[in-house]
Amino acid sequence: MDYKIMMKNTLKVVLLTSMLPFAASAAEEMTPWYIGGGVGINDYEQNCDNALTCGDDDPYAWDVFGGYLFNEFIGIEVGYRDLGNAEWTGNDGNMYDVGASGVSVGVVGFYPLADKWSLSSEVGTYSYLLENDKKINGSNLSDSGIGLFVGAGVGYNFTDNLKLQAKYRRYENMDADVLNNLKMESNYWGLALSYRFGTASPAPVAAAPVVAAVVAAPGDDDKDGVTNNIDKCADTPMTHKVDATGCTVYENITTKHDLGGILFANNSAEIRTGSFADLEKLADYLTKYPQHTVSIEGHASNVGKAEYNMKLSERRAVAVANALNTKYGISSSRISSVGYGVTKPVMQGSSAEANRVNRRIEAIITGTEKRPVMR
């Protein structure tokens, strides 16, 4: 038997039998190992560039392979590939033919799509043997080397184990000096069927019913995460955060409210009769919210000396604070007063209108409100 043919067959047997131990170990779950084979059509380029005529090619190609997946997206693959045969008549009048076969090693990538479809890509090296079938000067010529290949494909999983892929590969730098300085590239299209060892984990089997009385778990009628048997607040809103007993958790929020200004006459700290209606509204608010306090802030217009205006604004604040205490019964412990003089005008300048609105009192309410904490 021809030595090269014997080596081809030996390599095929070794590649296939090397996968058997992995098949035997795949009893309980999907393993990272797979094997497969493919058939297709190969087109050698440049074999007729320096030829008189091209002959009848035998373009049918095939391969066998095995791989290991590092994860569901990337792995490594080793294979044996036969790329078919091409014929041509050279300028010397001789009939030439060439066929490439050899071992491939490459990295493969997978990208899952909807349902059972996926895309794939590959890149690697091809350790090839180029040889002819027809004898030239009484002998068969051959040459070997290492080329590069890239590929892409689309696949469909019939089952968790069985996948069919349509593939394209491009081979580069397949050269043979002994075959009239042949330099070739190659395009391959084909189908590949692969089998991944193992079985997918089965769905959990429901436990057999226990022949015993089973106590039903207590319900949670208000859906707050606390069961009825320990829930002390049965109708808690679902939007409220609750404590271990199912009752709303509250937080204290500090807020400030400006309840508006009370105006004074020029150079006066006497409360106008018309301002008592506003003062009564302030007192009603403080009565309604006994946990709130008030700061009475006095202000003055920009007329006269700043020192005098500061003391005038303080007198105005004290006048309002005393009225809240003596006339409306608001505890003095909840009232404070301060004067700002002309330092905080609501209108700049010293026009009649600016003076009017700047001679004022502002009441700043500060309180802590109890609010539910939301989920």
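Predicted model: local features only at pLDDT ≥ 70, side-chain atom pairs only at ≥ 80, totals over all residues.
The protein has 375 residues, of which 38% are buried. Its secondary structure consists of 5 helices and 13 strands. When contacts between residues at least 6 apart in sequence are considered, 64% of them join residues at least 24 apart.

H3 covers residues 276-288, which is 13 residues, and spans 18 Å from its first C-alpha to its last, close to the 18 Å expected at 1.5 Å a residue. Four of its residues, Leu279, Leu282, Ala283 and Leu286, are buried. Viewed down the axis of H3, the buried residues lie within an arc of 100°, so they line one face of the helix. On the face turned away from that buried side are the exposed residues Lys281, Thr287 and Lys288.

The axes of H3 and H4, the latter running over residues 306-326, come within 10 Å and cross at roughly 55°. That angle makes H3 oblique to H4. The crossing of the two helices is right-handed.

H4 itself has 21 residues and reaches 30 Å from its first C-alpha to its last, close to the 30 Å expected at 1.5 Å a residue. Its buried residues are Asn309, Leu312, Ser313, Arg316, Ala317, Ala319, Val320, Ala321, Ala323 and Leu324.

Threonine 287 is found in helix H3. At 52% relative accessibility, threonine 287 counts as exposed, the cut-off for that class being over 50%. Threonine 287 is 42 residues from glycine 329 in sequence, and their C-alpha atoms are 8.9 Å apart.

Glycine 37 lies in strand E1, residues 33-45. With a relative accessible area of 24%, glycine 37 is partly exposed. Which residues does glycine 37 contact, leaving aside its neighbours within four places in sequence? They are Asp63, Val64, Phe65, Leu191, Ala192 and Leu193. Glycine 37 also has its C-alpha 9.3 Å from that of tyrosine 195, a residue 158 places away in sequence.

Methionine 95 belongs to strand E5, which covers residues 95-112. Its relative accessibility of 34% places methionine 95 in the partly exposed class. Between the C-alpha atoms of methionine 95 and lysine 134 there are 7.9 Å, while the two residues are 39 apart along the chain.

The loops come next. Glutamate 72 sits in the loop between strand E3 (60-69) and strand E4 (74-90). Neighbours within four places in sequence aside, glutamate 72 is in contact with Phe110 and Arg196. The C-alpha of glutamate 72 is 8.7 Å from that of proline 32, and the two residues are 40 apart along the chain.

Two other loop residues have a positive phi without being glycine. Lysine 223 is one of them, with a phi of about 55°. Where is lysine 223 found? Lysine 223 lies in the loop between strand E9 (182-196) and strand E10 (250-263). Its relative accessible area is 55%, and lysine 223 is exposed. Asparagine 267 likewise has a positive phi, near 55°, and is a residue other than glycine. Asparagine 267 is placed in the loop between E10 and H3. At 45% relative accessibility, asparagine 267 counts as partly exposed.

Terms used. Residues numbered from 1 in each chain as written. Heavy atoms only, no water. Expected span 1.5 Å × (residues − 1). Buried < 20%, exposed > 50% of the residue type's maximum accessible area, 1.4 Å probe, protein only. Arc of directions from axis to C-beta. Axes fitted to C-alpha atoms, helices over the stretch in contact; angles between N-to-C directions. Parallel < 35°, antiparallel > 145°, perpendicular 65-115°, else oblique. Left-handed = near helix turned anticlockwise from the far one by under 90°. Contact = heavy atoms within 4.5 Å.
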